[in-house]
Amino acid sequence: MTNNNNTQTMYPILFIIGFVHLLNDAIQSVIPAMFPILEQSMGLTFLQLGIIAFALNMTSSIMQPVVGWITDKRPSPYALPIGLTFTLVGIIGIAVAPNFWYALFSALLIGLGSATFHPEGSRVAYMAAGNRRGLAQSIYQVGGNTGQAMAPLITALILVPLGQFGAIWFTIVTLIAILLLLYIARWYHGQLQEGRKKKHKQISARAKVGRYTIGFALCLLVFLVFARSWYHAAITNFYAFYLIEEYQLTIRQSQVYIFLFLAAGAIGTFAGGPLADRFGKRNVLFFSMMGSAPLALWLPHAGPVTAYVLMTLIGFIILSSFAVVVVYAQELLPGKIGTVSGLIVGLAFGMGAIGSVALGWVADLVGLKLTMIGVACLPLVGLLTFLLPSDRKIREWYAQSVSA
């Protein structure tokens, strides 16, 4: 694999892969958003809806590091359009599904398509980055975040008036994504051919530094992502209930706070990459956690007016490391781009989603207020970033890994 001469940033490729990321994540996010429609059209129970959501999320999450591991051994440019073809079949299936089992199988196909896309999409962003890896990964990740944010709007404008079969319109979106990925795959294939001609002999940074050192840093990185994901789950799933319970706000009023958090987070995700390119990735990781910690501790005790400001600031700061953590992991293991991308983006965030279940159980047990106060302590684990290798140390390891 090559990094496109290691200096030139291929912005057309980055914008295309970011746009396809938007389309992919919008499609995936629409499935849970249309649950009320599926419940009416097929008479599904909440348990069945929960099983569909679990199958979709766990397939798309757990399979990502597996796909990444396979493609690290044998890069597969055309895995990108093939993966979205699974999604296309899944979309057709969900539009015409007559019962729970058809819907479940369709969700599994969509999850598999997403799992195939993400590690290879992240690899494309890495290859097209040149010397601006933070910015490149931000462009790629912001596409996904934007796609997820569009799901409620898509549901309201398309699926509510058209019903379950309205999902068939997303076949057009998926076909557009497949065509764009065919173009990306040809570029990707050309990069691989160029890399083979150069015949750069590489050795593993892990072999130079030692398995324990790299393994410890990677495990710590995943733990930090867990903590951030659990806090994110607490805010997006339960903070609205906290506002309603504590300040007697309406459902519509409470959703404004969640929107501010997510919108600011999308901006923070984009800003984090360039900041990491300039100030260092570990510094941005530390800032995203510890910079948001005092605000997070204040939030459960702030009034409804102050909470507007706090939610905006917390969203921007804590999600500024969303793309940075992927780049940091990629440079930690430069020969395992797909594996670490799948591990961080897929498995870590998938496992973080389990936090929603755990936090709901805790809230039922001790009450919502105590749960939100406890969750506010999660960003404090950012202190552990000092145990991560510095950017300078990783550059030294990387220089060793590419030396003959």
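**Figure 1. Aromatic cluster of five tyrosines named together: Tyr 239, Tyr 242, Tyr 247, Tyr 257 and Tyr 308.** These residues form one aromatic cluster in this predicted model. The model is predicted, so local features need pLDDT of at least 70 and side-chain atom pairs count only at pLDDT 80 or more, whereas totals for chains, interfaces and linings use all residues. Residues are numbered from 1 along each chain as its sequence is written, and side-chain values use heavy atoms, with hydrogens and water left out. The structure holds 8 aromatic pairs; rings of Phe, Tyr and Trp (its six-membered ring) pair if their centres lie within 6.5 Å, and planes under 30 degrees apart count as stacked, over 60 as edge-to-face and the rest as tilted.

**Figure 2. The edge-to-face pair of Tyr 239 and Tyr 257.** The ring centres of Tyr 239 and Tyr 257 lie 6.5 Å apart and their planes stand at 70°, so the pair is edge-to-face. It links distant parts of the chain, with Tyr 239 in helix α9 (residues 211-247) and Tyr 257 in helix α10 (residues 251-279), 18 residues apart. Helices are DSSP runs (H or I, at least four residues), numbered from the N terminus. Tyr 239 is buried, at a relative accessible area of 1%, and Tyr 257 is buried at 2%. Buried means under 20% relative accessible area, exposed over 50% and partly exposed in between (1.4 Å probe, protein chains only).

**Figure 3. The stacked pair of Tyr 257 and Tyr 308.** Tyr 257, buried with a relative accessible area of 2%, also pairs with Tyr 308: their ring centres are 4.3 Å apart and their planes are at 10°, so the pair is stacked. This pair likewise links distant parts of the chain, from Tyr 257 in helix α10 to Tyr 308 in helix α13 (residues 304-318), 51 residues apart. Tyr 308 is partly exposed, with a relative accessible area of 35%.

**Figure 4. Leu 162 and a nonpolar surface patch.** Leu 162 belongs to helix α6 (residues 133-162) and is partly exposed, at 48% relative accessibility. Leu 162 and Ile 37 are 125 residues apart in sequence and 9.8 Å apart in space, C-alpha to C-alpha. Together with Phe 19, Trp 169, Ile 172 and Ile 176, Leu 162 makes a nonpolar surface patch of about 500 Å². Such patches are made of residues with over 30% relative accessible area and no salt bridge, nonpolar side chains (Val, Leu, Ile, Met, Phe, Trp, Tyr) being joined within 5 Å. A salt bridge is a side-chain nitrogen of Lys or Arg within 4 Å of a carboxyl oxygen of Asp or Glu.

Definitions and conventions:
Helix = DSSP H or I, 4+ residues; strand = E, 2+ residues; numbered from the N terminus. Patch = residues over 30% accessible without salt bridge, like charges linked within 9 Å, V, L, I, M, F, W, Y side chains within 5 Å. Areas by Shrake-Rupley, 256 points an atom, 1.4 Å probe, with all protein chains shown as cover.
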